[in-house]
Structures are given as structure tokens and as C-alpha cells.
Amino acid sequence: MNQNLKKMISYYKPYRAVFAADMLFATLSAAVALTIPLVVRYVTSTLIYQQPQMMLRKLFLIGIGLFVLLALDCYSRFFIGNYGHVMGAKMEYDMRAELFGHLQKLSFSFYDDAKVGQLMSRVTADLFDITELLHHGPENIILSVLKIVGAFVILLNINGWLALAAFAVLPVMFVFAFALNKRMRRAFQQNRIKIAEINGIRVVKSFANEAIENEKFRHGNDGFLAAKKNSYHYMGSFQAGVGVFTTLIQVNVILAGGVLIAKGMVTVNDLVTFLLYIGVFTDPIRTLVDFTEQFQNGYTGFE
């Protein structure tokens, strides 16, 4: 696996500058998401108690700052969606050219045994999933890790007990995700094998071979359906489990917040800030869930 990962990473080399810029704008987008709940906390806990004239002046400055942040976030998303995808397309171009050049060097005996449909699956569908992983994977990891870690640090500074209630679920959730990850990878590998087998079945119109080829196709189609069902079973279990865990985070914060407010250990403003941050770090958790599926598709395609 390490050798395959090194080979995948090597395709970034010609596009190091674009990749670095892509990661920079992903970081800036995450920073904007982390900043806005802090502004809400400042307005609700400090600004509303100041003199009206001073309050309006500061609100004007805050509004300008927020519009600057929104403009920065907008361009960051544009860069990621445009130039990041172009980088992925160029990497796909390089891989396809390398793969085709390799196919040209193979012996005639190889093509006597190889199925054209399987080869075309490698050159088209597999390469697309690989480049989607290489483009979106690093972005998703950067955005998710920064939001989760940043939210944890900020919430820990606001109230340690509420932060503990919010993040107590995460270790269990990651153990659950890791346990299903290997099974999902094997299931997605089977999907690749089965769809390539279907693509490799010849379409024949003749009195001698028509029934035989139909039977081959039925058998291959049944195998692909069984592999799909197996992969969807694990994927459904994965998504359902993570969905329950993310909702449990909200439940924990609401219950713990109510108890802490009753004991005078936390203010309503802090609880509102916490609830805003719930969305900041549950969204990247769901992104990591999607990334897991994307990684299975892309990496098994690369293998």
C-alpha cells in the first residue's frame, strides 16, 4: 500500500504550485468558517451592552470585515472548484497517456488473454475516480482537520465541560469508522473486478454463440449485483452509524448545556456559540465520511 501511495503522490510533482495554492485557499475557507461564530458570540455577549452609537459604529466595521471574509471565502471556493479541477484533469491526462503508452509496449500474447472491456475500464472509469480522489482528497482532509481541531481549541477556551460533552463521542465514532473501513475497501475492490468482467464479455450475434454469451453476461451481471449489494451494506452501515454519532454530539451539548446553565457554570450566549460550532465540525465529519467512500473508489481503482 505504501508503494502505491508514493506512486499516486508522484503525480502531484508537475503541479506543485497549483496544489500549494489549492491547499492555501482550502485553509482560508476553513478559517472563515471558524471565525463567524466568534463574531456572533462577540455581538451577543459584549456589543449589545454598549452605547447605541458605539454599537452602530462597531457593527458597521464588523459588517465590512464580514463582507471581506465572504469575498475571500467566495474566491477560495472558486479557485478550488476551477483550478483544482483543472489540476485533477491534467493529472488524469498524464495517467492516461502513461497507461496507454504501457499498453502499446505489451506483447501480442497479452492481448490474446486480456479483455478489451477490462482495459477500457482502466483507461476511463478507474482513472476518473483516481483523479477525483487526488483532487478532492487533500482538500477534504485539510478543510475537515482544520475545522475540527480549530473548533475544539476555540470551544475548549469558552467552556471545557461543554467541549468535553461535544467531543466525547468522536473517539468512539472514529473507532467505528476504522472498523468498517477495511471491509468497505474489500467490497469496493470486488465492485471493480465484477464491472470489469462485465465489460469484458463480448456482444455476439450468431447462431452458435448467442446463448452462451447471454449466459456469461447473466452470470457476470449477477456477480456484479451481489458485489454492489455487499458494498452498499457496509456503506449504509457506515453512514447510518456516523449519522447517529453526529446527532449524539448535538444531544450531548444540549443536555450538558442545560445542566451547566442551571448551575450557573455557563451562559446562554456561550451555549448559542457552541450550537453554532456544532455545524462547523459536524459538516467536516460528514465530509470525512464521503472522503472514505471516495478513497475506496479511487485507491482500489489505482490498485
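View 1. Ile261 touches Val266, Thr267, Val268 and Leu271, leaving out residues up to four places away in sequence. Contact here means heavy atoms within 4.5 Å. Ile261 sits in helix H8, residues 210-262. Helices (H or I, at least four residues) and strands (E, at least two) are DSSP runs, numbered from the N terminus. With 32% relative accessibility, Ile261 counts as partly exposed. The cut-offs are these: buried is under 20% relative accessible area, exposed is over 50%, and partly exposed is in between, with a 1.4 Å probe and protein chains only. Ile261 and Leu271 are ten residues apart along the chain, and their C-alpha atoms are separated by 8.6 Å.

The model is predicted: local features need pLDDT of at least 70, side-chain atom pairs count only at pLDDT 80 or more, and totals for chains, interfaces and linings use all residues. Residues are numbered from 1 along each chain as its sequence is written, and side-chain values use heavy atoms, with hydrogens and water left out.

**View 2. Helices H2 and H3 cross.** Helix H2 spans residues 16-45, and helix H3 spans residues 52-105. Their axes come within 9 Å and cross at roughly 150 degrees. Axes are lines fitted to C-alpha atoms, for helices over the stretch in contact, and angles run from 0 to 180 degrees between N-to-C directions. H2 and H3 are therefore roughly antiparallel to each other. Angles under 35 degrees count as roughly parallel, over 145 as roughly antiparallel, 65 to 115 as roughly perpendicular, and the rest as oblique. The crossing of H2 and H3 is left-handed. That term applies if the near helix is turned anticlockwise from the far one by less than a right angle; clockwise makes a crossing right-handed. The contact of H2 with H3 has 20 nonpolar, four polar and four charged residues. Ala, Val, Leu, Ile, Met, Phe, Trp, Tyr, Cys and Pro count as nonpolar, Asp, Glu, Lys and Arg as charged, and the others, Gly among them, as polar.

View 3. Helix H5 covers residues 116-158 and holds Asn140. Thr131 counts as buried because its relative accessibility is 3%. Asn140 is buried too, at 16%. Setting aside neighbours within four places in sequence, Thr131 is in contact with Gly88, Met91 and Glu92. On the same terms, Asn140 touches Thr287, Phe291 and Gln294.

**View 4. Asn157, an exposed residue of H5.** Asn157 lies in helix H5. Its relative accessibility is 65%, so Asn157 counts as exposed. A polar atom of its side chain lies 3.2 Å from the backbone oxygen of Val153. A polar contact is a pair of N or O atoms within 3.5 Å; within protein, one must be able to donate a hydrogen and the other to accept it, and residues adjacent in sequence count only if both atoms are side-chain atoms. Asn157 and Thr282 are 125 residues apart in sequence and 19 Å apart in space, C-alpha to C-alpha.

**View 5. Helix H6 and its start.** Helix H6 runs over residues 160-167. At its start, a side-chain oxygen of Asn159 reaches to within 3.0 Å of the backbone nitrogen of Trp161. Leu162, Ala163, Ala165, Ala166 and Phe167 are buried in H6.

**View 6. Phe188 in helix H7.** Phe188 belongs to helix H7, residues 170-199. At 7% relative accessibility, Phe188 is buried. Phe174 is 14 residues away along the chain, and the two C-alpha atoms are separated by 20 Å.
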